[in-house]
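Subject: A structure for you to look at

Hi,

Here's the structure I promised to pass on. Have it open while you read, and click along as we go.

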Amino acid sequence: MDTLKLALDWTPNINHIGIFVAEHQGFYRDHDLTVEILDPSTDNYATTPAKLVETGRAHVALCPTESLISYRTKAEPFPLIAIAALLQEDLSAIAVRGDGPIHTPRDLDGKTYASYQARYEDEIVKQVIRNDGGRGDLHLEYPEKLGIWDTLVERTYDATWVFRNWEGVEAEALDVPLRYFDLKDYDIPYGYSPVLAVSETDMREHTNRYKRFLDATKRGYMFTQENPGEALSILTHELPERDRHISIKRALALTTPYLGDPDTWGRMDGMRMTGFVDWIYRHGLESKRVPARSLFTNDLLP
């Protein structure tokens with residue numbers, strides 16, 4: 001029985017439902033795997049999932065496409081590679097309160113943004129403002145990562161980046177109106193988020209192990225689509241107490257259309273990856289041009 005450590009990108013939420021279903025239903029065990037799921041709240045997000053993979057403390061990381069680029073282009077490159085995407089479309093967006101004075105990205109000039117301090121994040125947000133006719137004059141703040149969402153709810157800061165299918169659903173539960181700015185609406189091509197990423201070196205040494213992992217994970221997401229009630233019951237027991245008020249039924253309804261089907265689950269499009277990598281390079285966010293095709297593979301997908 002092989003053991004894999006999987007580092008979540010956030011505390012358990014709707015994006016992770018198929019992973020918990022696969023674990024609970026014994027799909028990993030059926031594929032001779034023991035999967036240990038690492039929750040970032042255990043160290044208050046002091047170490048990112050990608051860093052855990054780089055340092056050997058995890059085998060699989062949930063992370064955005066940006067992490068793939070930044071780890072390949074840093075001073076001492078690390079071969080982080082995506083082996084599956086959990087969502088076929090980008091469900092994240094820059095969010096502001098809908099009951100405030102910010103109606104378009106250019107209104108963010110002079111306002112505050114609560115940043116996760118991710119590579120490229122701040123410049124992407126500034127470019128959204130510029131593409132809407134603003135100056136990109138944004139005041140960046142870096143609160144504790146697991147408290148960033150609260151700063152928008154409590155009006156501490158004016159904007160942050162959220163997932164529509166999670167924080168957006170929580171906002172509905174809290175009766176907090178939100179206004180979203182999608183990157184695609186402001187001429188910024190985006191990759192995938194989150195992806196399942198591993199060390200390419202380890203992947204090539206243990207190809208069969210990762211194929212089995214993806215097969216079981218896919219089963220978890222397909223089971224979720226076919227048995228939503230049972231899947232939601234499984235996820236409910238994994239949620240942190242602070243998230244128990246969120247309507248996960250509503251969250252799943254928003255997520256399901258983007259999980260893909262038995263033929264498309266996990267697959268990533270090369271043109272989409274290339275468009276985002278080229279955009280990063282063209283706007284000077286990265287001085288090294290990394291081949292987009294080196295960032296991902298669909299070859300391990302069942």
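This is a predicted model: local features need pLDDT of at least 70, side-chain atom pairs count only at pLDDT 80 or more; totals for chains, interfaces and linings use all residues.

Start with the open sheet of 5 strands, whose order is 2-1-3-10-4 and whose pairing is mixed. If the idea of pairing is new to you, the background is that strands of a sheet pair through backbone hydrogen bonds, either parallel or antiparallel. Strand 2 (33-38) and strand 4 are the edge strands here: each has a single partner strand, so one side of each is left without a neighbour in the sheet. Going from one strand to the next, the twist averages 30 degrees.

Now find strand 10 (residues 195-199). Is it buried or exposed? It has 5 residues, and 5 of the 5 are buried, so strand 10 is largely enclosed by the rest of the structure.

Which strands does it pair with? Strand 3 (residues 60-63) is one of them: it runs antiparallel to strand 10, and 3 bridges join the two. To see this pairing on screen, look for Ala61, which stands opposite Ala197 of strand 10. Strand 4 (residues 80-85) also pairs with strand 10 in the antiparallel sense, over 5 bridges. You can pick out two of the facing pairs there: Leu80 is opposite Ser199, and Ala84 has Leu196 as its bridge partner.

**Helices on the sheet**

Helix 9 lies across strand 1, strand 2, strand 3, strand 4 and strand 10, and runs at about 60 degrees to strand 1.

**Helices against helix 10**

Both of those helices also meet helix 10 (residues 228-236). How do the axes of helix 1 (residues 17-24) and helix 10 cross? They come within 9 Å and cross at roughly 90 degrees, so the two helices are roughly perpendicular to each other. On the helix 1 side, Ile17, Phe20, Val21 and His24 make the contact, and on the helix 10 side it's Ala231, Leu232, Ile234 and Leu235. Sort these residues by class and you get 7 nonpolar, 1 polar and no charged.

Helix 9 (residues 207-226) packs against helix 10 at an angle of about 120 degrees, with the axes 5 Å apart. That angle makes helix 9 and helix 10 oblique to each other. The residues involved are Phe223, Thr224, Gln225 and Glu226 from helix 9, plus Pro228, Glu230 and Ala231 from helix 10. By class, this contact has 3 nonpolar, 2 polar and 2 charged residues.

**One serine to zoom in on**

Last stop: Ser92, which sits in strand 5 (residues 92-97). Its relative accessibility is 5%, so Ser92 counts as buried, the cut-off being under 20%. What does the side chain of Ser92 make polar contacts with? One partner is the side chain of Asp90, at 2.6 Å, and another is the side chain of Trp161, at 3.0 Å. If you leave aside neighbours within four places in sequence, Ser92 is in contact with Trp161, Val162, Phe163, Asp182 and Tyr190.

Cheers

Terms used: Residues are numbered from 1 along each chain as its sequence is written. Side-chain values use heavy atoms; hydrogens and water are left out. Buried means under 20% relative accessible area, exposed over 50%, partly exposed in between (1.4 Å probe, protein chains only). Helices (H or I, at least four residues) and strands (E, at least two) are DSSP runs, numbered from the N terminus. Two strands pair if DSSP finds at least two bridges between them. Axes are lines fitted to C-alpha atoms, for helices over the stretch in contact, and angles run from 0 to 180 degrees between N-to-C directions. Angles under 35 degrees count as roughly parallel, over 145 as roughly antiparallel, 65 to 115 as roughly perpendicular and the rest as oblique. Contact means heavy atoms within 4.5 Å. Ala, Val, Leu, Ile, Met, Phe, Trp, Tyr, Cys and Pro count as nonpolar, Asp, Glu, Lys and Arg as charged, and the others, Gly among them, as polar. A polar contact is a pair of N or O atoms within 3.5 Å; within protein, one must be able to donate a hydrogen and the other to accept it, and residues adjacent in sequence count only if both atoms are side-chain atoms.
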